[in-house]
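Here's a quick briefing to read with the model open beside you. Have a look at the fold first, then work through the points below.

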Amino acid sequence: MSDIQPWRKSSYSGDAANNCVELARTPDTVLLRESDEPHTVIATTPAALRALTRAARAGRFDQLSR
């Protein structure tokens, strides 16, 4: 993963040091990690991440916690 771009923290995380989601890009994938578990990385495609965020915004996961 030598083509990895720098990790970027979510703007919603504020000044929290270890309470945020971070993203990075490679030419073909988007990488996600939590700042308190930096060695655990999830790799996905941009299309799959867009689908996940659209579903979350639409409330498709709201009933899972009940």
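The charged end of Arg33 sits over the ring of Trp7, 3.9 Å from the ring centre (a charge counts as over a ring if NZ of Lys or CZ of Arg is within 6 Å of the ring centre and within 35 degrees of the ring normal). Keep in mind that this is a predicted model, where local features need pLDDT of at least 70, side-chain atom pairs count only at pLDDT 80 or more, and totals for chains, interfaces and linings use all residues. Residues are numbered from 1 along each chain as its sequence is written, and side-chain values use heavy atoms, with hydrogens and water left out.

**Arg33 and its partner**

- Arg33 also meets Glu22, side chain to side chain, in a salt bridge of 2.6 Å, N to O (that is, a side-chain nitrogen of Lys or Arg within 4 Å of a carboxyl oxygen of Asp or Glu).
- Glu22 belongs to strand S2 (residues 21–25) and Arg33 to strand S3 (residues 30–34), so the pair ties together parts that are 11 residues apart in sequence.
- Are Glu22 and Arg33 buried or exposed? Both are buried, where buried means under 20% relative accessible area, exposed means over 50%, and partly exposed is in between (1.4 Å probe, protein chains only).
- Searching the whole structure turns up one salt bridge.
- A search for aromatic pairs, on the other hand, finds zero (rings of Phe, Tyr and Trp, the last by its six-membered ring, pair if their centres lie within 6.5 Å; planes under 30 degrees apart count as stacked, over 60 as edge-to-face and the rest as tilted).

**The overall layout**

- The chain has one helix and four strands (DSSP runs numbered from the N terminus: helices are H or I with at least four residues, strands are E with at least two).
- Along the sequence, the pattern reads β-β-β-β-α.
- Of the 66 residues in the chain, 20% are buried.
- The accessible surface comes to about 5400 Å², and 50% of that belongs to carbon and sulfur atoms (Shrake-Rupley method with a 1.4 Å probe; for residues, only the protein chains shown count as cover).
- Among contacts in the chain with a separation of 6 or more, 11% are between residues 24 or more positions apart (contact means heavy atoms within 4.5 Å).

**The surface patch**

- Leu52, Phe61 and Leu64 make a nonpolar surface patch of about 320 Å² (patches take residues with over 30% relative accessible area and no salt bridge, joining like charges within 9 Å and nonpolar side chains, meaning Val, Leu, Ile, Met, Phe, Trp and Tyr, within 5 Å).
- Leu64 is in the segment after helix H1 (46–57), and at 66% relative accessibility it counts as exposed.

**Residues to click on**

- Thr44 is part of strand S4 (residues 37–44).
- Which residues does Thr44 touch, not counting those up to four places away in sequence? They are Thr29, Val30, Leu32 and Leu49.
- Thr44 and Thr29 are 15 residues apart along the chain, yet their C-alpha atoms are separated by 5.5 Å.
- Pro6 lies in the segment before S1 and is exposed at 65% relative accessibility.
- Beyond its neighbours within four places in sequence, Pro6 is in contact with Leu23 and Ala24; Pro6 and Leu23 are 8.3 Å apart, C-alpha to C-alpha.
- Asn19 sits in the loop between strand S1 (8–9) and S2, exposed with a relative accessible area of 59%.
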